[in-house]
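Please examine the sequence and the structure shown here before reading on. The briefing that follows is arranged by topic.

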Amino acid sequence: MTVETAAERNAMLADFGVDAIFDPVSGSHKVVKGIFDNVYEEVEAGGRVGIAMQQPRFFCKTADITGSVEGDALEIDSVAYTIKVIMSDGNGMSELVLELN
Amino acid sequence: MAHMRKQIRDAVITACTGLTTTGTKVFNHRAYPLASNKLPGLCIYSQDETTAYQSITPPRSVLRTLNIVIELYVKAATGYDNTIDQIALEVETALTDDVTLGGLAKDTRIIGFNSEVSADGEQPACIGIMQVQITYSVAENDPETAI
């Protein structure tokens, strides 16, 4: 059972979302609205110290990226990313793990 | 003068500074994360050391085996493993050019390598961890001077 309604999701994206250009490998590009997080954090990769870098994630409605696969492109604020992982919450929203091109 | 361990570590850092891929991005005992502008880079530190006494009458001579770790840091969307191997090539060549490190050591051997990768950031972060074993000898009452 979903916690929020479709109307609430739309309101949340309207308030906090940004426009991104979704360009799938198969199909034509379109603008989707989502919440873009790009925190600067330490990434541990097994060494004595970590590497500090951005961690770009994009939260959007699953319906807006129907059929999306790894390798699809997403452009946010003129910065090009490749979608590496698509994690649906099963309740209408998806989190996209992005890789900086 | 300084402890032989520091002299040797400094010699390793000197040998690994100015390499084609990592240039001057060489760090000693760094505690803070490496930002993108410090990559590709190297972190070099002494990890541990064992000793073996070689004579009976004080001051005794001591053969020391120092393990130094050289960590190779790379961030890239593609080809990061190739870059790690390229850096390893440059480091190994630099270190074995003079295994005595200018007369400080008896021998320098690269005894192990492993690599790790993380995809938690905007691009994959790959780290190669090189184990370097260096043997040197000192008198127990003079750890600043190689014998």
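**Chain A as a whole**

- Chain A has a mean pLDDT of 92, and 97% of its residues reach 70 or more.
- Where pLDDT is low, the predicted coordinates should not be read in detail.
- Chain A contains 1 helix and 6 strands, in the order α-β-β-β-β-β-β from the N terminus on.
- Its C-alpha atoms fill a box of roughly 45 × 30 × 25 Å, taken along the principal axes.
- Of the 101 residues of chain A, 26% count as buried; a residue is buried if 20 or more other C-beta atoms lie within 10 Å of its own, exposed if 12 or fewer, and partly exposed in between, with C-beta atoms placed from the backbone.
- Two residues are in contact if their C-beta atoms, placed from the backbone, lie within 7 Å; among contacts in chain A between residues at least 6 apart in sequence, 43% join residues at least 24 apart.

**Residue Ala11 of chain A**

- A:Ala11 belongs to helix 1 (residues 6-16) of chain A.
- A:Ala11 counts as exposed because it has 12 C-beta neighbours inside 10 Å.
- From A:Ala11 to A:Met93 the separation is 82 residues in sequence and 13 Å in space, C-alpha to C-alpha.

**Strand pairing in chain A**

- Two strands pair if DSSP finds at least two bridges between them.
- Strand 2 (residues 30-43) and strand 3 of chain A run antiparallel and are joined by 10 bridges; A:Val43 stands opposite A:Ile51 in strand 3 of chain A.
- Strand 3 of chain A is also joined to strand 6 (residues 93-100) of chain A, antiparallel, by 5 bridges, and A:Phe58 has A:Leu96 in strand 6 of chain A as its bridge partner.
- Strand 1 (residues 18-23) and strand 4 of chain A pair in the antiparallel sense over 3 bridges, with A:Asp23 opposite A:Ala73 in strand 4 of chain A.
- Strand 4 and strand 5 (residues 79-88) of chain A run antiparallel and are joined by 4 bridges; the bridge partner of A:Leu74 is A:Tyr81 in strand 5 of chain A.
- The hairpin of strand 4 and strand 5 of chain A has 2 residues between the strands, and A:Asp77 takes a positive phi near 50 degrees there.

**Where the two chains meet**

- 25 residues of chain B are in contact with 18 residues of chain A.
- On the side of chain B that touches chain A, strand 6 of chain B gives the largest share, 4 residues.
- The residues on that side of chain B divide into 15 nonpolar, 4 polar and 6 charged; Ala, Val, Leu, Ile, Met, Phe, Trp, Tyr, Cys and Pro count as nonpolar, Asp, Glu, Lys and Arg as charged, and the others, Gly among them, as polar.
- Strand 3 (residues 51-61) of chain A pairs with strand 2 of chain B in the parallel sense over 2 bridges, and the bridge partner of A:Ile51 in strand 2 of chain B is B:Leu34.

**Helix 2 of chain B**

- The 17 residues of helix 2 (residues 80-96) of chain B should span 24 Å at 1.5 Å a residue, and the end C-alpha atoms are 24 Å apart, which agrees; the expected span is 1.5 Å times one less than the number of residues.
- The buried residues of helix 2 of chain B are B:Tyr80, B:Thr83, B:Ile84, B:Ile87, B:Val91 and B:Leu95.
- These residues lie on the same side of helix 2 of chain B, because they cover an arc of only 100 degrees around the axis; the arc is that of the directions from the helix axis to the C-beta atoms.
- On the other side of helix 2 of chain B, B:Asn82, B:Thr93 and B:Thr96 are exposed.

Note on methods. Residues numbered from 1 in each chain as written. Chains lettered and ligands numbered in written order. Predicted model: local features only at pLDDT ≥ 70, side-chain atom pairs only at ≥ 80, totals over all residues. pLDDT = per-residue confidence, 0-100.
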